[in-house]
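Please read it with the display open beside you.

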Amino acid sequence: MTTAARKRNPADEGSAVFDRELDDLPQELRWREWMGRIEAVLFASAAPVGRDDLARVVGQGASVEMLIDDIQAELTGRPYELAQVPGGWMFRTRTQFADAIKAAADLGDQSLAFTEMEMGVLCAIAYHQPIDRAGLADIFGKEVSRDLLARLRYKDLIASGPRSPRPGAPHTFVTTETFLVTFDLQSLRDLPELELNT
């Protein structure tokens, strides 16, 4: 057994301490490295990454928000952006490039196309959640089919909410984080004001 092999104990492999602080680097290089780490984590994730998760890869004195601001500034003019969404931050393509992406990927009309009724039900749930099927029937003047609700659930735009106080305690429906991301909302407070006809 060689000296190098003896020094490298298999039990020690993979147990190297992750250097968050990077104290051996000058401040400017340290900042650039932290920016790179945040960018790499966000790039590798298909879902939004929260502040606490990003804070694990940078030094304790580093501001995740300031690092993200610097990354966003560097992305000005790029076809993608770093956006704050419910649950954290994520990379996404700028909307003006949607047609180019569809053309290159030959996606056709595989977008989240909705029928008029699906969009109406989705809006009713968003504005009146938690709401059950009887509440939706009150709004639309007819029963809302279970199939329609299943399609919205399959697209992960709605989920089950708390039980309704109505007799029988039926299930209610609420919107999801996917709904917020799909419609570019930070929270339900960002929904447009309802214009009520009187």
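**Notes on the predicted model**

1. The secondary structure of the protein comes to nine helices and four strands, where helices (H or I, at least four residues) and strands (E, at least two) are DSSP runs numbered from the N terminus. Followed along the sequence, these elements give the pattern α-α-α-α-β-β-α-α-α-α-β-β-α.

2. Before going further, please keep in mind that this is a predicted model, in which local features need pLDDT of at least 70, side-chain atom pairs count only at pLDDT 80 or more, and totals for chains, interfaces and linings use all residues. Residues are numbered from 1 along each chain as its sequence is written, and side-chain values use heavy atoms, with hydrogens and water left out.

3. Of the 198 residues of the protein, 30% count as buried; here buried means under 20% relative accessible area, exposed means over 50%, and partly exposed lies in between (1.4 Å probe, protein chains only). Among the contacts in the protein with a separation of 6 or more, 49% come from residues 24 or more positions apart, a contact being heavy atoms within 4.5 Å.

4. The axes of helix α2 (residues 27–44) and α4 come within 10 Å and cross at roughly 80°, the axes being lines fitted to C-alpha atoms, for helices over the stretch in contact, with angles that run from 0 to 180 degrees between N-to-C directions. That makes α2 roughly perpendicular to α4, since angles under 35 degrees count as roughly parallel, over 145 as roughly antiparallel, 65 to 115 as roughly perpendicular and the rest as oblique.

5. Which residues meet where α2 and α4 are in contact? From α2 come Trp31, Arg32, Trp34, Met35, Ile38 and Glu39, and from α4 come Val64, Met66, Leu67, Ile68, Asp70, Ile71 and Glu74. The residues of this contact divide into nine nonpolar, no polar and four charged (Ala, Val, Leu, Ile, Met, Phe, Trp, Tyr, Cys and Pro count as nonpolar, Asp, Glu, Lys and Arg as charged, and the others, Gly among them, as polar).

6. The count of salt bridges comes to 11, a salt bridge being a side-chain nitrogen of Lys or Arg within 4 Å of a carboxyl oxygen of Asp or Glu. One of them joins the side chains of arginine 51 and glutamate 65 (2.9 Å, N to O). Arginine 51 lies in helix α3 (residues 51–55) and glutamate 65 in helix α4 (residues 64–74), so the pair ties together parts that are 14 residues apart in sequence.

7. Arginine 151 forms a salt bridge with glutamate 118, with the closest N and O atoms 2.6 Å apart. Because arginine 151 lies in helix α8 (residues 146–154) and glutamate 118 in helix α6 (residues 116–128), this pair ties together parts that are 33 residues apart in sequence.

8. Salt bridges that share partners join Glu81, Arg92, Arg94 and Asp184 into one network. Arginine 94 is found in the loop between β2 (88–93) and α5 (98–105), and its side chain reaches the backbone oxygen of arginine 78 at 2.7 Å.

Definitions and conventions
Polar contact = N/O pair within 3.5 Å; in protein donor to acceptor, adjacent residues only side chain to side chain.
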